[in-house]
Amino acid sequence: MSSSHKLLRLQPGAAVLYRERPHRITHVLDLNEVLVMDDDTRLVSHAKVGELAPAATNNAPEAKPDLVAVLDDAWEEAAKRFEIIRPLLDLPYRGRQDVVARAKAYERHENTLYDWIRRYEATGLLTSLLPRGRSDKGSTKLTPEVEVIIEAVVESEFLTKQRKSQQKVCDEVRRRCANAGIEAPHDNTVRNRLKALAGEYVMTRRKGRKAADQAYSPIEGSFPGADWPYAVVQIDHTPLDIILVDDVYRRPVGKPWITLAIDVFSRMVAGFYVSFDPPGALSSGQCLASAILPKDVWLSKHDIKGDWPCWGIPTKLHMDNAREFRGNMLQRACLEYGVDIEWRPVARPHFGGHIERLLGTFAQEIHTLPGTTFSNPRERGGYDSEGKAALTLTEFEEWFVTFIVNVYHQRMHSGINMPPMEKYRQGVFGTKDIPGRGLPARIADESRLRLDLMPFEERTVQDYGVVIDEIHYYHDVLRRWINAPDPTAPKYKRKFMFRRDPRDISTVWFYDPELNTYYAIPYRDTSHPPISVWELREAKRQGEADGRRHVDERAIFDAYERMREIEQQAQAKTTSVRRAAQRRKFGQEAIRPSTTPASAVAIPELTPMSTQVTVSAIEPFDEMDDLA
């Protein structure tokens, strides 16, 4: 029995699996420790949070659709349902009167709200609220003509300084439909469209920018809503003032970038990502995954002593308006997991003050390391940064995490007048005056979380498989979809969702729209070596430089092999060669999606991908030019 789409809840009374037996949590002892009681023997055990799993249920979880495959209308309806039940989800003691009152306010039956609450609490995913049986249909409720009329009336009548009422808007839609001789939509349909508009945007159009600023801008010196751990998480990037060396020759390869996430409430570091590539959607996604998922496996792998008990879904993710944060995939994934995104307004630096101060704190510590470039040439003086460089990327990460866990989290923070770890602990367990929020739930299906944040391409399936960037992929799981017609437009071939990790494109993941699951699809020619999307692009450029009019798959891998030979001959003489080798090593060491290989999948009894992956929360490939 699968627990794929369940959350691991960590409150007293929660049902869990411990050592493959059903237990219930009796007490939460610390950020990483609980007491559990065996349901059958009634024996009490001391358990680490990382040793627990969601309790098995008698009902198989509903298949989860791919986020991009969900039609916009269905997605909007699920979002509306979530907004209706959201206040009820946050109530510590939810009574029937609360549900009835909320249902009455939105003209729904209370049983409908109970159904939505049950579905959402079972998974914690927005897609659990999708209209059943309608998420893959191509028709909409309203005709295109009615949609155009509603849009025009909202623009000309509602979003104006005249501030006309919603009823006036409904009346005007009805009047224009009557003049056009078409059936008018119900008033509630029009009202729901108005409710879906962003409040700040509506106020700006109806009352002006100044009124919107007063209503929606935070008070200087504080951040609204950051009242408990992970209520608000901020993310930002910066180059690091240090030169690192490669793993083989221990020679300089350049300065890395870091993407960092901070829990505003406690000032705990929520997650991070370091690489030699400039900031982009890949780094944003990796950092978000780091913030959401537990860190104990990483700490154990790198033999770092200490606790980093930060995990869970942020209530709000606060980011600036940089292009790498604006990808549709990242935004939809955040909606799926109940994360509100708040963009930093232009020319309002105090909105990102917490993350910027944290980056500044770490910059000062980095200036004590060998190979630091300091902040400017004057400060650097005659220090030979390249000559003194000594740390590899992995060694720097280990130093950085050791500093986070054993120094920064433990020492006094002037902004909160206590160590971040103590503040975080207060937020979880409470104080004599303020109740705690309890331990946050853990994502049980980590692999699906990462797949939801992985870049994607849409392709038809041909008799030779699928082609992405001139590279062919194939396995028998694709056979039944060869030349499949589009269900909504039979004259055209159906496009399917394929996801891939840009650091290793030797495998793509095919989303089966009927089984609602993914399968790993390898290169058609499995003799090809794993390469990254950056190496692919460089190989293409090399092929074009050789005068080829069309760079096909064979030309790409021929060029790649020539590039490798050049690197080997250079024997790490140049920084660019060492950086290329270091990028390759970093990509190969990243945790790959562990899945039953497609070549081992029996047909028709397909085995879906089910175990742990580490991939990036990044934008579609047509938004990835910044990674080139």
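Okay, let's start with helix α3: its buried residues (under 20% relative accessible area, where exposed is over 50% and partly exposed lies in between, with a 1.4 Å probe and protein chains only) are Leu113, Trp116, Ile117, Arg119, Tyr120 and Thr123. Before I go on, this is a predicted model, so to speak with its own entry rules: local features need pLDDT of at least 70, side-chain atom pairs count only at pLDDT 80 or more, and totals for chains, interfaces and linings use all residues. Numbering runs from 1 along each chain as its sequence is written, and side-chain values use heavy atoms, with hydrogens and water left out.

Back to α3, residues 110-123. Helices here are DSSP runs of H or I with at least four residues, strands are runs of E with at least two, and both are numbered from the N terminus. The 14 residues of α3 reach 20 Å from first C-alpha to last, close to the 20 Å expected at 1.5 Å a residue; that expectation is 1.5 Å times one less than the number of residues. Its buried residues pack against β1 (7-8), α1 (72-89) and α2 (96-105). Just after the helix, Gly124 has a positive phi of about 75°.

Over in α1 sits Glu77. Buried or exposed? Glu77 counts as buried, at 15% relative accessibility. Leaving out residues up to four places away in sequence, Glu77 touches Arg108 and Pro131, contact meaning heavy atoms within 4.5 Å. Glu77 and Pro131 are 54 residues apart along the chain, with 7.3 Å between their C-alpha atoms.

Next, the hairpin. Strands β21 (504-512) and β22 run antiparallel, joined by six bridges; pairing takes at least two DSSP bridges. Phe510 stands opposite Tyr519 in β22. Four residues lie between the strands, and Asn516 takes a positive phi near 55°. Five of the six residues of β22 (517-522) are buried, so the strand is largely enclosed by the rest of the structure.

Now some phi values. Most residues other than glycine have a negative phi. Arg267, not a glycine, has a positive phi of about 70°; this residue is in the loop between β10 (257-263) and β11 (269-275), and is buried at 13%. Asp469 also has a positive phi, near 55°, in the loop between β16 (466-468) and β17 (471-473), but is partly exposed at 24%.

Last, confidence: pLDDT, the predictor's per-residue confidence from 0 to 100, averages 79 over the chain, and 78% of the residues score at least 70. Over residues 218-222 pLDDT is below 50, and that stretch has four contacts beyond near neighbours in sequence.
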